[in-house]
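User: I am new to this model and would be grateful for a close look at one part of it. Please begin with the overall setting and then turn to the part itself.

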Amino acid sequence: MISLTDDPNSTAKDLNDVISQDQSLTASVLRLANSAYYGFPRRISTVTEAIILLGFNAIRGLVLAASVHDVLNREMSGYALGQGELWRHSYACGIGARIIARRVKFPIIDQAFTAGLLHDIGKVVLNFFLQDVYQEVTRRIEKEKVPFMVAEATVLGFDHAAVGARVAEAWNLPVELAEPIAYHHQPMAAPNHRRLAAIVHVSDAICIMMGIGLGIDGLCYPLDPQALELLELDQAAVEQVMSQLADGLVDWQDFPVSSKK
């Protein structure tokens, strides 16, 4: 799917042929396409129709969302996140990134959604290791008053953003997605895709402020003022994004992806 959506010669039929091979994925894409998030006035009944109406970038985001749901929906005890909380935070961050991207006129809005959705994918990998050093990480956060990522990197030797970028590379995701994952806590350090990294960073911080999927990493989460300056967002704009995000998450419990049995 990633290869097809990156290929300018691909057609809606090409994508449909791949998606339709998996009945569960087909059902998930159609449920997502018909969700309140997209708000089409009429029902989308076929994958081809969804591809034509939503576009390749949106479809790639839907396929990734359906594919990672079960992974992100697990309990992440290493991060003090109950079952479903990482998914809830990731989904909210994706929607928030999309809202911000539209507001700041970022050219590929659905790319922002995908980057926001996947920004914490490294936590899935590090969760197992973090369970053994949970107390040490929280001690450093509380005693030294350092951001979570600093404590995480000090104790483990690397942080979830760096690991997430490696996951993105292993999945052959394009660099414009891998880089915001790597720098979503330090957007101004992103070498090539600083604007998208800033969008994800601000959305992530807003979700933390709203208490959406709040784990131990939310104990000390500094919002980079330079990211706000880069995006030309002031406090009033942040509050408006928060309001729009709250409206967009009214039915998050009914997010239309079913776990595979």
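What percentage of the 261 residues of the protein chain count as buried?

Analyst: The model is predicted, so local features are reported at a pLDDT of at least 70 and side-chain atom pairs at pLDDT 80 or more, whereas totals for chains, interfaces and linings use all residues. Residues are numbered from 1 along each chain as its sequence is written, and side-chain values use heavy atoms, without hydrogens or water.

Of the 261 residues, 52% count as buried; buried means under 20% relative accessible area, exposed over 50%, and partly exposed in between, for a 1.4 Å probe and protein chains only. The protein chain has 15 helices and zero strands (DSSP runs numbered from the N terminus: H or I of at least four residues for helices, E of at least two for strands). Its radius of gyration is 18 Å, close to the 18 Å of the globule rule for 261 residues, so the chain is as compact as a globular protein of that length; the radius is taken over C-alpha atoms, and the rule is 2.2 Å times the number of residues to the power 0.38. Along the principal axes, the C-alpha trace spans about 55 × 40 × 35 Å. Among contacts (heavy atoms within 4.5 Å) between residues at least 6 apart in sequence, 65% join residues at least 24 apart.

As for confidence, the mean pLDDT of the chain is 85, and 93% of the residues score at least 70; pLDDT is the predictor's confidence in each residue, from 0 to 100. Where pLDDT is low, the predicted coordinates should not be read in detail.

His 184 itself lies in the loop between α12 (175–182) and α13 (194–209). With a relative accessibility of 0%, His 184 counts as buried. Apart from neighbours within four places in sequence, its contacts are His 119, Asp 120, His 160, Ala 161, Ala 197, Val 200, His 201, Asp 204 and Tyr 221. A polar contact of 3.1 Å links its side chain to that of His 185, and another, of 3.4 Å, links the side chains of His 184 and Asp 120. A polar contact is a pair of N or O atoms within 3.5 Å; within protein, one must be able to donate a hydrogen and the other to accept it, and residues adjacent in sequence count only if both atoms are side-chain atoms.

Not counting residues up to four places away in sequence, Asp 120 touches Leu 86, His 89, His 160 and His 184.

Met 149 approaches His 160 and Ala 161 as well: leaving aside neighbours within four places, its contacts are Asp 159, His 160, Ala 161 and His 185. Met 149 belongs to helix α10 (residues 148–156) and is buried at 11% relative accessibility. The C-alpha atoms of Met 149 and His 185 are 8.1 Å apart in space, while the two residues are 36 places apart in sequence.

Leu 233 touches Ile 100, Arg 103, Val 104, Val 202 and Leu 228, residues up to four places away in sequence not being counted.
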